[in-house]
Amino acid sequence: MRVILLGAPGAGKGTQAQFICERFGIPQISTGDMLRAAVKAGTELGKQVKEVMDTGGLVSDDLIIGLIKERITQDDCAKGFLFDGFPRTIPQAEALVEAGIDIDRVLEIAVADEEIVARLSGRRVHPGSGRVYHVDHNPPKVAGKDDVTGEDLIQRDDDKEETVRKRLQVYHTQTKPLVEFYQGLSAAKGTPKCAKVEGIGSVEEITAKVISALD
Ligand code: AP5
Ligand code: ZN
């Protein structure tokens with residue numbers, strides 16, 4: 001199964017992706033995680049994207065499309081994949097269509113902007129795996145440590161309030177139009193199947209809604 005998770009920054013895409021990928025046996029492909037890994041490793045790509053990420057802008061479409069095309073040729077994508085944070089613009093979505101990469105499901109997780117700012121200020125992540133926590137809503141077993149490896153959790157550079165507001169603005173102008181794009185594609189071609197889940201409630205409640213929307 002090929003799934004796209006749509007939703008604002010902090011809507012819970014990464015959190016829910018973990019459960020979906022386990023349930024359906026598909027890899028999570030997060031362009032944000034891939035870019036952050038490149039920044040951390042200090043590669044050419046990382047150096048190129050660091051500033052735009054830290055200030056809440058979008059990395060160029062060509063660069064992202066290249067990354068995705070290479071990633072989905074890997075063996076673990078044979079049974080499908082889940083895109084988390086991609087596509088993010090109409091040109092990125094059009095590139096998938098042009099490449100003949102059909103998508104089965106597009107799921108939007110909807111959360112209001114005011115909730116997002118509070119969520120992101122409490123977010124902590126395990127950089128090695130991409131596992132996501134929240135100091136109040138989804139705390140690790142030991143404060144500041146990853147549940148699986150025991151390694152340190154970090155706060156993302158782009159989770160400052162000012163940057164979060166910029167990311168939300170970018171989401172509304174550049175990414176939100178994808179909901180209509182996929183509804184139009186679905187009406188014309190019969191695929192992908194589009195669904196929307198309200199993202200307010202406990203992580204478990206939302207997982208249940210997400211899984212039932214995908215089943
Ligand atoms: P990316 O990493 O994709 O960030 P994002 O879309 O802004 O989304 P987030 O990762 O911030 O949020 P999320 O929805 O995954 O929420 P999470 O589950 O962590 O992109 C980062 C940057 O990379 C971009 O700004 C851009 O520069 C670049 N980039 C990436 N992809 C690109 C592309 N395709 N094109 C161009 N540029 C690209 O949850 C958030 C917090 O809330 C956590 O603390 C979590 O524990 C908590 N939480 C989750 N669920 C709940 C709940 N139900 N109740 C309470 N708290 C909850
Ligand atoms: Zn994420």
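Trainee: How far is an oxygen atom of ligand 1 from an N or O atom in the side chain of Arg123?

Mentor: To read such a pair, one looks for N or O atoms within 3.5 Å of each other. In this predicted model, the distance between an oxygen atom of ligand 1 and an N or O atom in the side chain of Arg123 is 2.7 Å. Backbone atoms take part as well: a backbone N or O atom of Gly12 lies 3.0 Å from an oxygen atom of ligand 1, and a polar backbone atom of Ala11 is 3.2 Å from an oxygen atom of the ligand.

Trainee: How much of the accessible area of ligand 1 does the protein cover?

Mentor: On its own, ligand 1 has 1100 Å² of accessible area, and the protein covers 97% of that.

Trainee: Which elements give two or more residues to the shell around ligand 1?

Mentor: They are α1 (13–24), α2, α6 (113–121), β6 (132–134) and α9 (203–214). Helix α2 gives the most, with four residues.

Trainee: Which residues come nearest to ligand 1, and how is the shell divided by class?

Mentor: Of the 37 residues around the ligand, Thr15, Gly57, Arg123, Tyr133 and Arg167 come nearest. By class, the shell has 14 nonpolar, 15 polar and eight charged residues.

Trainee: Let us turn to helix α2. Which of its residues are buried, and why do they line one face?

Mentor: The general idea comes first. An α-helix has 3.6 residues a turn, so residues three or four places apart point the same way. In α2, the buried residues are Thr31, Gly32, Leu35 and Ala38. Seen down the helix axis, they fall within an arc of 125°, so they line one face of α2. The face turned away from this buried side carries Lys40 and Ala41, which are exposed.

Trainee: What do the buried residues of α2 pack against, and what follows the helix?

Mentor: Their packing partners are β2 (28–30), α3, α4 and β3 (81–84). After α2 comes Gly42, with a positive phi near 70°.

Trainee: Why does Gln48 count as exposed?

Mentor: The cut-off for exposed is over 50% relative accessible area. Gln48, found in helix α3, has a relative accessible area of 57% and is therefore exposed.

Trainee: Is Arg36 buried, exposed or partly exposed, and what does it contact?

Mentor: Arg36 is placed in helix α2. At 27% relative accessibility, Arg36 counts as partly exposed. Leaving aside neighbours within four places in sequence, Arg36 is in contact with Ser30, Met53 and Arg156. The C-alpha atoms of Arg36 and Ile200, 164 residues apart along the chain, are separated by 27 Å.

Trainee: Where does Arg156 lie, and why does it count as buried?

Mentor: Buried means under 20% relative accessible area. Arg156 has 16% relative accessibility and therefore counts as buried, and its place is the loop between β6 and α7 (161–175). The side chain of Arg156 makes a polar contact, at 3.0 Å, with the side chain of Asp158. Not counting residues up to four places away in sequence, Arg156 touches Arg36, Arg123, Val125 and Arg167. Two of these, Arg123 and Arg167, were named above among the residues that come nearest to ligand 1.

Trainee: Is His126 buried or exposed, and which residues does it touch?

Mentor: With a relative accessible area of 4%, His126 is buried. It lies in the loop between β5 (123–125) and β6. His126 touches Arg131, Asp146, Thr149, Glu151, Asp152 and Leu153, when residues up to four places away in sequence are not counted.

How values were computed:
Residues numbered from 1 in each chain as written. Chains lettered and ligands numbered in written order. Predicted model: local features only at pLDDT ≥ 70, side-chain atom pairs only at ≥ 80, totals over all residues. Heavy atoms only, no water. Near = heavy atom within 4 Å. Polar contact = N/O pair within 3.5 Å; in protein donor to acceptor, adjacent residues only side chain to side chain. Areas by Shrake-Rupley, 256 points an atom, 1.4 Å probe, with all protein chains shown as cover. Nonpolar A, V, L, I, M, F, W, Y, C, P; charged D, E, K, R; others polar. Buried < 20%, exposed > 50% of the residue type's maximum accessible area, 1.4 Å probe, protein only. Contact = heavy atoms within 4.5 Å. Arc of directions from axis to C-beta.
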